[in-house]
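User: Could you walk me through reading a few features in this model? I'd like the general idea, then the case at hand.

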Amino acid sequence: EEMDVRVRTGAYRIVGTAEEVKAREGETVERISRRFFGPDMSCYVEVYNGLDAKTPLKAGQVVKIPKLKFKKKKK
């Protein structure tokens, strides 16, 4: 699976699933991501679920929230 460049070069790596949530009517990946991680972190949820951030989700659609681990800087 080819990862989004934002995830590959980002400060975190995905190490598993933290939890699964059901989308509410009209929610987007971006909105769910903001709720769990704050602004500008939707790329991790997008890549993990194979979804686009702006696409409205169906009510009840399950979205996996990735478990993130901070990448250590290389010396």
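User: Which side chain makes a polar contact with the side chain of Glu 46?

Analyst: A polar contact is a pair of N or O atoms within 3.5 Å; within protein, one must be able to donate a hydrogen and the other to accept it, and residues adjacent in sequence count only if both atoms are side-chain atoms. Here the partner of the Glu 46 side chain is that of Arg 6, at 3.3 Å. This is a predicted model, where local features need pLDDT of at least 70, side-chain atom pairs count only at pLDDT 80 or more, and totals for chains, interfaces and linings use all residues. Residues are numbered from 1 along each chain as its sequence is written, and side-chain values use heavy atoms, leaving out hydrogens and water.

User: Is Glu 46 buried or exposed?

Analyst: Buried means under 20% relative accessible area, exposed over 50%, partly exposed in between (1.4 Å probe, protein chains only). Glu 46 has 10%, so it is buried. Glu 46 belongs to helix H3 (residues 42–49); helices (H or I, at least four residues) and strands (E, at least two) are DSSP runs, numbered from the N terminus.

User: Which residues of helix H2 are buried?

Analyst: An α-helix has 3.6 residues a turn, so residues three or four places apart point the same way. In H2 (residues 29–37), the buried ones are Val 29, Ile 32 and Ser 33. They line one face of the helix, because they fall within an arc of 100° seen down its axis (the arc is that of the directions from the helix axis to the C-beta atoms).
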